[in-house]
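Biologist: I am new to this one. Please show me the sequence and the structure, and then I will ask how each label was reached.

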Amino acid sequence: QVQLAESGGGLVQPGGSLRLSCAPSGHTATIFLMQWYRQAPGKQREYVASINNSGRTNYVESVEGRFTISRDTALNMVYLQMDALKPEDTATYYCNARTQLRGVYDYWGQGTQVVVSS
């Protein structure tokens, strides 16, 4: 079992920045991929970014060049630095951990809300 705790959401003006944090706990040694997803009101949850155990990152095209996913292995934290925010980035952001131990499992955090508005 893995537990995830997100933080860092809030209200920001267009063009501003926020940094989301995700703190995994529990059987973290089984995690091989960390991801961020988001869900806007009335829309389906969508993939935003991911980072694997080798540090390889991937982004959805709409955030490429504006968002940066990173991890601090010493602190066991994963971050999503969001710059040049747009109103369409408004959503609840979810941290996801994918684990492998006798099967592949997904774990989710409770979500943190990001509102981009003037």
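Modeller: Go ahead.

Biologist: Why does Arg102 count as exposed?

Modeller: Its relative accessibility is 76%. Exposed means over 50% relative accessible area, buried means under 20%, and partly exposed is in between (1.4 Å probe, protein chains only). Arg102 is over the 50% mark, so it counts as exposed. Arg102 lies in the loop between β9 (91-100) and β10 (104-108).

Biologist: What should I know about the model and its values?

Modeller: This is a predicted model, in which local features need pLDDT of at least 70 and side-chain atom pairs count only at pLDDT 80 or more, while totals for chains, interfaces and linings use all residues. Residues are numbered from 1 along each chain as its sequence is written, and side-chain values use heavy atoms, with hydrogens and water left out.

Biologist: What makes the phi of Arg102 worth a remark?

Modeller: Arg102 has a positive phi of about 55 degrees, although it is not a glycine. Most residues other than glycine have a negative phi. Asn76 is not a glycine either, and its phi is also positive, at about 55 degrees.

Biologist: Where is Asn76, and why is it called partly exposed?

Modeller: Asn76 sits in the loop between β7 and β8. The hairpin of these strands has four residues between them. The relative accessible area of Asn76 is 32%.

Biologist: What makes β7 and β8 a pair?

Modeller: Strands pair if DSSP finds at least two bridges between them. Six bridges join β7 to β8, and the two run antiparallel. That meets the rule, so they pair. One of the links is Arg71 with Val78 in β8.

Biologist: Which other strand pairs with β8?

Modeller: Strand β3 (residues 18-26) does, in the antiparallel sense, over five bridges. Here Cys22 has Val78 as its bridge partner in β8. Glu6 also has Cys22, in β3, as its bridge partner. β1 and β3 run antiparallel and are joined by six bridges.

Biologist: How do you know that β8 is mostly covered?

Modeller: Five of its six residues are buried. Strand β1 (residues 2-7) is split by face. Val2, Leu4 and Glu6 form its covered face, while Gln3, Ala5 and Ser7 form the uncovered one.

Biologist: How many helices and strands does the chain have?

Modeller: The protein chain has zero helices and 11 strands. Both are DSSP runs, numbered from the N terminus: helices are H or I with at least four residues, strands are E with at least two.

Biologist: Why is Met34 called buried?

Modeller: Its relative accessible area is 6%. That is under 20%, so Met34 is buried. Met34 is in strand β4. Leaving out residues up to four places away in sequence, Met34 touches Leu4, Cys22 and Val78, among others. Contact means heavy atoms within 4.5 Å.

Biologist: What makes a space a pocket here?

Modeller: On a 1 Å grid over the protein atoms alone, a pocket is an open set of points with protein on both sides within 12 Å along at least five of seven lines, whereas a cavity is a set where a 1.4 Å probe fits but cannot get out. Lining residues have an atom within 4 Å of a point. The largest pocket is lined by 13 residues, and among those nearest its centre are Met34, Arg71 and Asn76. Elements giving two or more residues to this lining are β4 (31-39), β5 (46-52), β7 (67-72) and β8 (77-82).

Biologist: How do you know whether the chain agrees with a compact globule?

Modeller: The radius of gyration is taken over C-alpha atoms, and the globule rule is 2.2 Å times the number of residues to the power 0.38. With 118 residues, the rule gives a value near 13 Å; the protein chain has 14 Å, which agrees. Buried residues make up 42% of the 118.
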